[in-house]
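Q: I am new to this structure and would like to learn how to read it. Could we go through it step by step?

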Amino acid sequence: MNFTRWSARLPGTQRQRRLAARAVRRPPEAPAPSGAVPAARDEHGEPSAPDAEGARRGAGQGTGHGLDALPAQDLSAQGLLDQVPALVALVHGPDHRIAFVNDAYAAAFGPRAPGAPAREALPELAELGLLPLMDQVLRSGRPRTVKSRRVEGRTGRRGGGDPGAVGGGTRPGYYTFTCTPVELKGPGARRGVLVFAAEVTDQVEAAERLRVSERRQREAAVTLQRSLLPQQLEQPDDLRVAATYRPGGTDAAVGGDWYDVITLGAGRTALVIGDVMGRGVRAAAVMGQLRTAVRAYARLDLPPHEVLQLLDGLAAEIDPNQIATCVYAVHDPNEGRLVYASAGHLPILVRDPDGTVHRADESTGPPLGTGGWLHTSASVPFGEGSAAVLYTDGLVERRDADIDQGIEVLEEAFAGATGSPQVVCDRLLRALGITAEHDDDVALLALQHPVRTGHDAELFHNAALDLLGGVEAAPRARAFASGVLTSWRFPRGLHDLGVLAASELVANSLQHGTPPMCLRLRRTDRRLIVEVTDGDDHLPRRRRAEPADESGRGISIVATIASAWGSRRTPGGGKAVWCEFALPPEAVPR
């Protein structure tokens, strides 16, 4: 077959064929002197001026070697393609019989006999699924390309083996195959397909290394984010809580969403959720600092708006360019309410025992870090049978819809979401369409105040005694505490410690506080709580009493015998001083 007569539609091939034909038709010239360089000719066959002048100057002094000066056999398609490093195969006919494979193809897969059908003689193309593509190219007359196909057992330039060997444990390579229709001219013109395979192993391996690096970076970022979140939620006595965090997107830039549950003592619980604007390690670092600060401020047992006020100043100090939103809520089982304050965050959704869902959005200020705003607190009823969810904007915000629409969808889903808090979280994520491909981080915190009946109801009791002051207040308090603790069937040791703590707290209130006073005893399934309130807002401090002092030992005694103690200011003015004792196993009814 005459390989100088077909066109593979490759750039420059037709021009080279025309030049080769003119070189064949041109009459022979007188032989050049030994060592002389043939003169270059322009496209009309005449010697170019510079080269003609160079030829007159003698051998070795001319410049520029035109294609017309090369022998015709060096310009044949076969000669050109054999020098191409890509794999090239030419087939023709409906069964794709082999017309030619270049040296690179033979080095990779071995020599191929011309005339054999591709299905038998080119099994590697069949394994790569190229034969149907070649059929399509032959029918349509349009080129087709498949990218990054893996070729097994190839000996490449980096394989470490003999370039002429086949298989032998060589490393695989990746090629992009282009199938181009060609016309094979000559006796009995036929249509064929030129298979051109360019190696892209380096590109594929580089892309895979990049994907692996990005995956590792994302795993590290998500690990950092999760390490800054609570590893295990604190479980309050009166509430059931669960939370979930879903990192968004597939890049390494995680967000700054966080949540927390903090037991404050005396049965009170703080619930927090927040979101630092932006993504990346910086946002996660700011989130970690804010979460740590919230836990520290929560230990002061401050009202929610005061906690946000402190966080506002801290956020501006950490990074003036970062803005964060946050909701801080406190549940007090004695009051049956949820007191909260919000700094630019989305409203808490509260579901009443009758199933009605409403938004707690009365007290919302600007985000943290803006400064110059006095936050305020508000409250909503939250008794037995109530439930609530705190969430970040990734749960309800969509690019093609208003965020209020997302909150409405969440309200509808929350109204019908029953089960444990963890089940509620899972159902809400499904209802809002949160999947692994979601493009924003999501933090969700669900809480319930369960209705206790039967045996569980026997584990939770409250008792309170109002005290008007006077010398009879302390004896009354001791008698009341003794009777209540006896009725609760506490062991003698816990009974005596509870009576002593009640006596010392009442004595401290009588000496340093003002009426009205109240002694409250409360038991849960895990602890006994003794609390005394009065009308004075000066908080007691534990101090070291000198041997000669007649007072100042009450708080020290309470701190010594109790598991924990603390004090806080009450919303209506005044203070509450409390202590609690962990129940021994024998104090819990079976």
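Q: What percentage of the 590 residues in the chain do buried residues make up?

A: This is a predicted model, in which local features need pLDDT of at least 70 and side-chain atom pairs count only at pLDDT 80 or more, while totals for chains, interfaces and linings use all residues. Residues are numbered from 1 along each chain as its sequence is written, and side-chain values use heavy atoms, with hydrogens and water left out. Buried means under 20% relative accessible area, with a 1.4 Å probe and protein chains only, and buried residues make up 46% of the 590 residues here.

Q: How many helices and strands does the chain have?

A: Helices are DSSP runs of H or I with at least four residues, and strands are runs of E with at least two, numbered from the N terminus; the chain has 16 helices and 21 strands.

Q: How are two packed helices described?

A: They are described by the angle between their axes and the distance between the axes. Axes are lines fitted to C-alpha atoms over the stretch in contact, with angles from 0 to 180 degrees between N-to-C directions. The axes of α14 (residues 473–487) and α15 (residues 492–512) come within 9 Å and cross at roughly 155 degrees. Angles over 145 degrees count as roughly antiparallel, and α14 and α15 are therefore roughly antiparallel to each other.

Q: Why does D301 count as buried?

A: D301 counts as buried because its relative accessibility is 8%. D301 lies in the loop between α9 (281–299) and α10 (304–318). Contact means heavy atoms within 4.5 Å, and, leaving aside neighbours within four places in sequence, D301 is in contact with L264, R268, S567, R568 and W578.

Notes. Buried means under 20% relative accessible area, exposed over 50%, partly exposed in between (1.4 Å probe, protein chains only). Angles under 35 degrees count as roughly parallel, over 145 as roughly antiparallel, 65 to 115 as roughly perpendicular and the rest as oblique.
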